[in-house]
Every structure is written in structure tokens, then in C-alpha cells.
Amino acid sequence: MTKSEITGITRANEGIQGISWNILGQTYVPKSYAENSFSWHATLPPGTFVPPHIHPDQDEYLYMLEGKLDFVLGNSEAQATAGDLIRLGMGVPHGIFNKSEQTAKVLFWVSPSRKLFELFWGLHNMKEQKPEDVVAMAAEFNIHFLPPPPG
């Protein structure tokens, strides 16, 4: 994208180019996309989650707008609520879980973008998002899901 394509306003409740993705029961709406940064608004209904995974070459951030989420951050667990900023350094395993009874709304962003935008298109376009297919596709885009813990 050129500087003139980056400059502008992405309106509330809209994604760039009108895009909205359904990924693992969640709605992702891209807000900005450039080589160095990619952001999206995510709506995570109760009971949805992003299994533990690693971004080996991206830092990821989440700004909690509404609700409460539980996190696995490396070897620890944490919770975040509206107004909290979650920082996920590259290479650190993390998982995101909405265990509450209320929808969570979050602004996510990664830096650099790498191929996450393309991965989201691929996942959105899957006929059925079977866990093994999601894991395989993510690995092709250098996002690596971790095996579930024993038990």
C-alpha cells in the first residue's frame, strides 16, 4: 500500500474494503493493512476461543474494548477486561478464551503484517473450519498451533 492508500478513516462497524471474516465462530473486521502493521476488530461470542499458538516473527497486541477474556501467556494464565492492553511478544505461546457469558470486543494488531491478512482470507473461505485443516493452513502462513495439554 502507498502512503495515500494508508491515509484515511475506517469507519466504525466497517472493515477496509467492506471486508468481514468469520473465523472459528468469531467475526474479524480488518481496520488497517500495510506491510509493517495489520489491525482488526474482533467480536468473540461467549464460549469461543483461539487455541494456543505462536507467531515466530510477529508481535501481537490486543486492546480490550468490551467484555472479559482469559489468556494463556507462555506458562501463565491471566484475565483482561475493557481498557486493558495485552502484549504478546513474537515467539511467546498464547491462547485466547472467552469463558464469560458476555461477548468480548477487541482491537487486535500485529507488527509486521507478514501473511496474516492472507491467512484470515483462507480460513474465512474454508467450507468447514475443521481443527486439523485450520492448524495445517496456519502452519503454511507461519502461525503454529500447539498441541492440547495432556488430559
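Biologist: How many helices and strands does the protein have?

Modeller: The protein has three helices and eleven strands. Helices (H or I, at least four residues) and strands (E, at least two) are DSSP runs, numbered from the N terminus. The model is predicted, so local features need pLDDT of at least 70 and side-chain atom pairs count only at pLDDT 80 or more, while totals for chains, interfaces and linings use all residues. Residues are numbered from 1 along each chain as its sequence is written, and side-chain values use heavy atoms, with hydrogens and water left out.

Biologist: In what order do the elements run from the N terminus on?

Modeller: The order is α-β-β-β-β-β-β-β-β-β-β-α-α-β.

Biologist: Why is the protein called as compact as a globular protein of that length?

Modeller: Its radius of gyration is 15 Å, and the globule rule gives 15 Å for 151 residues; the two values are close, so the protein is as compact as a globular protein of that length. The radius is taken over C-alpha atoms, and the rule is 2.2 Å times the number of residues to the power 0.38. Along the principal axes, the C-alpha atoms fill a box of roughly 50 × 35 × 30 Å.

Biologist: What part of the 151 residues counts as buried?

Modeller: The share is 37% of the 151 residues. Buried means under 20% relative accessible area, exposed over 50%, and partly exposed in between (1.4 Å probe, protein chains only).

Biologist: Which share of the contacts between residues at least 6 apart in sequence joins residues at least 24 apart?

Modeller: That share is 65%. Contact means heavy atoms within 4.5 Å.

Biologist: Why is Ser113 called buried?

Modeller: Its relative accessibility is 2%, so Ser113 counts as buried, the limit being under 20%. Ser113 is found in the loop between strand E10 (104-111) and helix H2 (116-124). Beyond residues up to four places away in sequence, Ser113 touches Tyr33, Ala34, Glu35, Asn36, Ser37, Phe38 and Gln58.

Biologist: What makes the pair of Ser113 and Phe38 a polar contact?

Modeller: A polar atom of the Ser113 side chain lies 3.3 Å from the backbone nitrogen of Phe38. A polar contact is a pair of N or O atoms within 3.5 Å; within protein, one must be able to donate a hydrogen and the other to accept it, and residues adjacent in sequence count only if both atoms are side-chain atoms.

Biologist: Why is Arg114 called partly exposed?

Modeller: Arg114 has a relative accessible area of 46% and is therefore partly exposed.

Biologist: Which residues of H2 are buried?

Modeller: In H2, the buried residues are Leu116, Phe117, Leu119, Phe120, Gly122 and Leu123. What covers them includes E1, E2, strand E3 (38-44), E10 and helix H3 (131-140).

Biologist: How do you know that Leu116 is buried?

Modeller: Its relative accessible area is 4%, so Leu116 is buried. Leaving aside residues up to four places away in sequence, Leu116 touches Phe38, Trp40, His55, Gln58, Val110 and Ile143. Leu116 and His55 are 61 residues apart along the chain, and their C-alpha atoms are separated by 9.8 Å.

Biologist: Why is Gln129 called partly exposed?

Modeller: Gln129 has 23% relative accessibility, so this residue counts as partly exposed. Gln129 lies in the loop between H2 and H3.

Biologist: Which backbone atoms does the side chain of Gln129 reach?

Modeller: The side chain of Gln129 reaches the backbone oxygen of Asn22 at 2.9 Å and the backbone nitrogen of Leu24 at 2.6 Å. Leu24 is found in the loop between strand E1 (21-23) and strand E2 (26-33), and has a positive phi of about 55° although it is not a glycine.

Biologist: What makes Leu24 partly exposed?

Modeller: The relative accessible area of Leu24 is 28%, so Leu24 is partly exposed.
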